Amino acid sequence: MVTEAGSVDRAERVDLLVRGALLVATVDDERREIEDGWVAIAGGLVHSVGGSSDPMPTAGRALDADGCLVTPGLINTHHHIFQNLTRSFRPAVNGTLFQWLTTLYPRWAALDEEAAYVSAWIGLAELALGGCTTSTDHLYVHPRGGGDLISAEIRAAREVGVRFHPTRGSMSLSKKDGGLPPDSVVQADDEILADSERLVALHHDRGWGAMVRIALAPCSPFSVTPELMRATAVLAERLDVRLHTHLAEDPDEDRFAAEVFGRRTIEQYEEVGWGSDRSWVAHCIYPNDEEIAKLGRWGTGVAHCPSSNMLIGGGGIAPVSAFRTAGVPVGLGCDGSASTDSASLWMEARNALLLGRLRKGPTSMGARDALEIATRGSASCLGRDGELGQLAPGAVGDLVCWPLEGVQFAGALTDPVEAWLRCGPVSARHTVVHGELVVEDGRIVARGEEEMLRRHRAISARIQGV
Ligand SMILES: [Zn+2]
């Protein structure tokens, strides 16, 4: 609940004071956890953080966080939001990843600006309800005549109020050239590079606390040419923007790389000039030990998508502990409908916890590790260390109030951070981005949710042909 004034012990006035939290898990450099804590935000950035014995600044607005764990906003490092238009599509649900893709590529050829805008509005609202304050998106289908899909998504992000890192995805290797997608959804290399440069010039904000940044993102080794991978890395260097792609997601990918390139898929990734701390990759389920060490040396980040690992199936689980030991920045991602069909970062954090323990035993992963991955690790993937993913003075004013109340949390008295992921399910009571409420009392603040759902249903029906 928002009231008109906070406490008045300090002369300096801040914009928002979140107070009375059961616990504030700052995830700052000291990993401070503050009981009965508060967080003050001014000018979109964290002004100060304290506990009951610390004087609170005067605030324009105060937000009660009683009964809540307060964490930094969670950061989503991999998604394909447009795929919420074809969720749990019956003809595709029981295939392999490659079968799923080849069933849906022709459907996605109907994407246009309205579809990109509405799917992004709904998808980002869904993420905000699940505690996400910054999301990337990997939109790699740009049908001819479809319009400026990325700018349409950015418009939706501004309306919903979340921080947004869309990536200019691309596919250039069609079936006739030995790739996976049909001709209708691929573009020429020159066209992709020119549009990438246009979008960076139009939207990329390099400032501290930026709400929109663009990255460049050829889709995968089996849907773009090696020439486009190389040229994209060169362009990203020149424009000083980040690089993103899928890597080592599926055993089929290594078979494809062996046949087409005569090497492993991560060797091919290195060959085309992507082994760098400018890059972060989605999944990376199948690296060998030598490749894990290389990723650590390069500083290439990994977007871990735990639900995706499980839904794609086959037993492949990203080696998260080994990555972190090797110094690979590991962030969290929900991924698109191919592998999740739901976009709650709380659920992804919980699944990261469960899957980590399934893979490497109970001491390998706790709730604090999952929180770390979802905040600081993800910030590192996006090249925003120290700016995103922690509640420390000067970092962005992005946070979530998680109500640890009701029957789901009865009896959880001693460790609110472990309870947060072991109990539940839980959604955000409040989600704050840049000091502004995006979710308040469990509801999206931006107007028009019902109308957006109506439009989303109509577009989904058109694309699915139902
Ligand atoms: Zn993906």
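Predicted model: local features only at pLDDT ≥ 70, side-chain atom pairs only at ≥ 80, totals over all residues.
Select His78, His80, His246 and Asp335, the protein donors of the zinc ion. Their donor atoms are NE2 for each of His78, His80 and His246, and OD for Asp335. They lie 2.1 to 2.6 Å from the metal. Look at the angles among the four donor atoms: they run from 88 to 179°, and the site is irregular. Along the chain, the donor residues follow the spacing H-x1-H-x165-H-x88-D.

Histidine 78 sits in the loop between β7 (74–76) and α1 (97–108), while histidine 246 belongs to strand β11 (residues 242–247), so the pair ties together parts 168 residues apart in sequence.

Next, select two helices: α4 (residues 189–203) and α5 (residues 226–239). Their axes are 11 Å apart, and they pack at an angle of about 20°. Angles under 35 degrees count as roughly parallel, and α4 and α5 are therefore roughly parallel to each other. The crossing of α4 past α5 is right-handed. Show the side chains where they meet. From α4, pick residues including Ile192, Leu193 and Val200; from α5, residues including Leu228, Ala231 and Leu235.

Last stop: glutamate 387. Find it in the loop between α12 (367–381) and β15 (399–403). Is glutamate 387 buried or exposed? Its relative accessible area is 4%, so glutamate 387 is buried.

Terms used
Residues numbered from 1 in each chain as written. Heavy atoms only, no water. Donors = N, O, S within 2.8 Å, 3.2 Å for Na, K, Ca; no water. Tetrahedral: all angles 85-135°; square planar, octahedral: opposite > 155°, others 65-115°. Helix = DSSP H or I, 4+ residues; strand = E, 2+ residues; numbered from the N terminus. Axes fitted to C-alpha atoms, helices over the stretch in contact; angles between N-to-C directions. Parallel < 35°, antiparallel > 145°, perpendicular 65-115°, else oblique. Left-handed = near helix turned anticlockwise from the far one by under 90°. Contact = heavy atoms within 4.5 Å. Buried < 20%, exposed > 50% of the residue type's maximum accessible area, 1.4 Å probe, protein only.
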